[in-house]
Amino acid sequence: MKGFTRENQMFSLCGLNCGLCPMFIGKYCGGCGNGNQSCKIARCSLEHGAPEYCYECECYPCEKYEHVDEFDSFITHRRQKADLEKAKRIGIAAYNAEQSEKIQILQELLDNFNDGRRKIFFCIAVNLLELSELREALAQIETYTKQTELPVKEKSLYAAGVLQRIADRRHIKLRLCRKRSR
């Protein structure tokens, strides 16, 4: 969208964690304000003085956020509002530091435990689980998989199981919620 640019490509204007998105990771998307398709929230931002994050707008939360977490795109939207609130509460520098660690954990999962079928699953898990839970999961995964030489498929299955058990404790579904076509 003409005139809409952003410095922070890890965290979007609307609260999506772009750094954890499979489209961004695969370099299919340039991120928010970097050659992406036009978006109603970006257009709204320009109309309201171009705040860096929606929570900085005097109208936030507006009607654009009423049902934002019901359906996902390439990345989960379920924590979008909560992540905006967290970034506002702890500050964007601290939020980005957490996101940077999450990106490192995701990269570790993708590099060492992805059998070619778990990219989206790992992206969702890293996005929805807390950093402490991800550290716990990675420690369990690495401890188990270093004990014996396992094929990638078995390592991947084990890693997914660990993440799923942690998600189950918190009643978190590790899948995208797609809008059903009528």
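How many salt bridges does the structure hold? In this predicted model, the structure holds eight salt bridges. Side chains of opposite charge can pair when their charged atoms come close.

**Salt bridge between Glu52 and Arg6**

- The side chains of Glu52 and Arg6 form a salt bridge, with a distance of 3.5 Å from N to O.
- The two partners belong to distant parts of the chain, 46 residues apart. Glu52 is in the loop between helix 2 (40–47) and helix 3, while Arg6 is in the segment before helix 1 (22–25).
- Glu52 counts as partly exposed because its relative accessibility is 27%.
- Arg6, at 9% relative accessibility, counts as buried, because the cut-off for that class is under 20%.

**Salt bridge between Lys86 and Glu98**

- Lys86 and Glu98 meet through their side chains in a salt bridge of 2.7 Å, N to O.
- This pair joins helix 3, where Lys86 is found, to helix 4, where Glu98 is found; the two residues are twelve residues apart.
- Lys86 has a relative accessible area of 15% and is therefore buried.
- Glu98 has a relative accessibility of 25%, so Glu98 counts as partly exposed.

**Salt bridge between Glu101 and Arg135**

- In the salt bridge of Glu101 with Arg135, the closest N and O atoms are 2.7 Å apart.
- Glu101 belongs to helix 4 and Arg135 to helix 6 (residues 131–147), so the pair ties together parts that are 34 residues apart in sequence.
- Glu101 is partly exposed, its relative accessible area being 25%.
- Arg135 is also partly exposed, with a relative accessible area of 43%.

**Packing of helix 4 and helix 5**

- Two packed helices are described by the angle between their axes and the distance between the axes.
- For helix 4 (residues 92–113) and helix 5 (residues 119–128), the axes come within 10 Å and cross at roughly 155 degrees.
- Helix 4 and helix 5 are therefore roughly antiparallel to each other, because angles over 145 degrees fall in that class.
- The crossing of helix 4 and helix 5 is right-handed.
- Helix 4 contributes Lys102, Ile105, Leu106, Leu109, Leu110 and Phe113 to the contact, and helix 5 contributes Lys119, Phe122, Cys123, Val126 and Asn127.

**Burial of helix 5**

- Helix 5 is mostly covered, as eight of its ten residues are buried.
- The buried residues of helix 5 are Phe121, Phe122, Cys123, Ile124, Ala125, Val126, Asn127 and Leu128.
- These buried residues pack against helix 1, helix 3, helix 4, helix 6 and helix 7 (152–169).

- Asp83 is located in helix 3 (residues 80–90).
- With a relative accessibility of 4%, Asp83 counts as buried.
- Apart from its neighbours within four places in sequence, Asp83 is in contact with Phe11, Gly15, Asn17, Tyr95 and Asn127.
- One of these partners, Asn127, is among the buried residues of helix 5 and takes part in the contact of helix 5 with helix 4.

Notes: Residues are numbered from 1 along each chain as its sequence is written. This is a predicted model: local features need pLDDT of at least 70, side-chain atom pairs count only at pLDDT 80 or more; totals for chains, interfaces and linings use all residues. Side-chain values use heavy atoms; hydrogens and water are left out. Axes are lines fitted to C-alpha atoms, for helices over the stretch in contact, and angles run from 0 to 180 degrees between N-to-C directions. Helices (H or I, at least four residues) and strands (E, at least two) are DSSP runs, numbered from the N terminus. Angles under 35 degrees count as roughly parallel, over 145 as roughly antiparallel, 65 to 115 as roughly perpendicular and the rest as oblique. A crossing is left-handed if the near helix is turned anticlockwise from the far one by less than a right angle, and right-handed if clockwise. Contact means heavy atoms within 4.5 Å. Buried means under 20% relative accessible area, exposed over 50%, partly exposed in between (1.4 Å probe, protein chains only). A salt bridge is a side-chain nitrogen of Lys or Arg within 4 Å of a carboxyl oxygen of Asp or Glu.
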